[in-house]
Amino acid sequence: MKAIFKQYWELFLVFSKIGAFTFGGGYAMIPLIRNEVVNKRNWLGDDEFMDALAIAQSMPGPIALNTALFVGNKRLGFKGSLFSGLGVILPSFIVILFIAMVFTQFKDNTIVERIFKGIRPAVVALIAAPLLTLGKAAKINWKNSWIPLLVALLVWLLGVSPIYIVMGAILLGVLHLVYIKKKLNR
């Protein structure tokens, strides 16, 4: 009984540490989750983690929570997913609750405003840097790296809705599939 509780507690602690010390949202947590569950603890293999990440991205909800739920479920079943999910959510909830109680007193303070403006570039770097690591693990062909850059520029500079970009990508993917099938049938 103590051994199984220790495993649940370990899941909770691993994900609460990730949830407590990661700034930048779910995508910034992914490399930390990968490092803990693949490299340090060998709970999942690299390919299995990439599959979990793909599933987490396709499901509604925060990607870090979905990934934590998948890892917890894979490790210890439904109860494992509860412990890992609670671990990744609880630190953020407590911090946000504290900020909401305290921030109203400091919201117009120029020092606090400058601190938040200074954090922004670091958050962007925390989100962008893991793309290379995940790209290597997913064995992505980097000759097509112009695609995410083009998408970012379309959204940022031209204000194109990401919905239109996703619909266009689906259409291009279907057309490419039809082209490949026609080419194979010749």
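Let's start in helix H1, where tryptophan 9 and phenylalanine 12 sit 3 residues apart, about one turn of the helix. (Helices here are DSSP runs of H or I with at least four residues, strands are runs of E with at least two, and both are numbered from the N terminus.) This is a predicted model, so local features need pLDDT of at least 70 and side-chain atom pairs count only at pLDDT 80 or more, while totals for chains, interfaces and linings use all residues. Residues are numbered from 1 along each chain as its sequence is written, and side-chain values use heavy atoms, with hydrogens and water left out.

How open are these two residues? Tryptophan 9 is partly exposed, at 42% relative accessible area, whereas phenylalanine 12 is buried, at 14%. (Buried means under 20% relative accessible area, exposed means over 50%, and partly exposed is in between, using a 1.4 Å probe and protein chains only.) The ring centres of tryptophan 9 and phenylalanine 12 are 5.5 Å apart and the planes meet at 20°, so this pair is stacked. (Rings of Phe, Tyr and Trp, the last by its six-membered ring, pair if their centres lie within 6.5 Å; planes under 30 degrees apart are stacked, over 60 edge-to-face, and the rest tilted.)

## A ring pair across the chain

How many aromatic pairs turn up in the whole structure? The search finds 2. One of them joins tyrosine 8 and phenylalanine 83, which are stacked with 4.9 Å from centre to centre and 20° between the planes. This pair links distant parts of the chain: tyrosine 8 belongs to helix H1 (residues 2–20) and phenylalanine 83 to helix H4 (residues 63–106), 75 residues apart.

Tyrosine 8 is buried, with 13% relative accessibility. Phenylalanine 83 has 26%, so it counts as partly exposed.

Now for the helices themselves. Two packed helices are described by the angle between their axes and the distance between the axes. H1 and H4 pack at about 40°, with 7 Å between their axes. That angle makes H1 oblique to H4. The crossing of H1 and H4 is right-handed, and their contact holds 14 nonpolar, 8 polar and 3 charged residues.

H1 also packs with H2, this time at an angle of about 155° with the axes 9 Å apart. That makes H1 roughly antiparallel to H2. H1 passes H2 in a right-handed crossing too.

Here are the terms. Axes are lines fitted to C-alpha atoms, for helices over the stretch in contact, and angles run from 0 to 180 degrees between N-to-C directions. Angles under 35 degrees are roughly parallel, over 145 roughly antiparallel, 65 to 115 roughly perpendicular, and the rest oblique. A crossing is right-handed if the near helix is turned clockwise from the far one by less than a right angle, and left-handed if anticlockwise. Ala, Val, Leu, Ile, Met, Phe, Trp, Tyr, Cys and Pro are nonpolar, Asp, Glu, Lys and Arg are charged, and the others, Gly among them, are polar.

Where does glycine 25 lie? Glycine 25 is in the loop between H1 and helix H2 (26–40). This glycine is partly exposed, at 37% relative accessible area. Glycine 25 and glutamine 7 are 18 residues apart in sequence and 26 Å apart in space, C-alpha to C-alpha.

## Salt bridges

The structure holds 7 salt bridges. (A salt bridge is a side-chain nitrogen of Lys or Arg within 4 Å of a carboxyl oxygen of Asp or Glu.) In one of them, glutamate 36 meets lysine 17, with 2.8 Å between the closest N and O atoms. That pair links distant parts of the chain, with glutamate 36 in helix H2 and lysine 17 in helix H1, 19 residues apart. Glutamate 36 is buried at 4% relative accessible area, but lysine 17 is partly exposed at 37%. Glu10, Lys17, Glu36, Lys40 and Arg41 are linked in a network of salt bridges.

Aspartate 46 and arginine 34 form another salt bridge, at 3.0 Å from N to O. Aspartate 46 is in helix H3 (residues 46–58) and arginine 34 in helix H2, so the pair ties together parts 12 residues apart in sequence. Aspartate 46 is partly exposed, at 27% relative accessibility, while arginine 34 is buried, at 13%.
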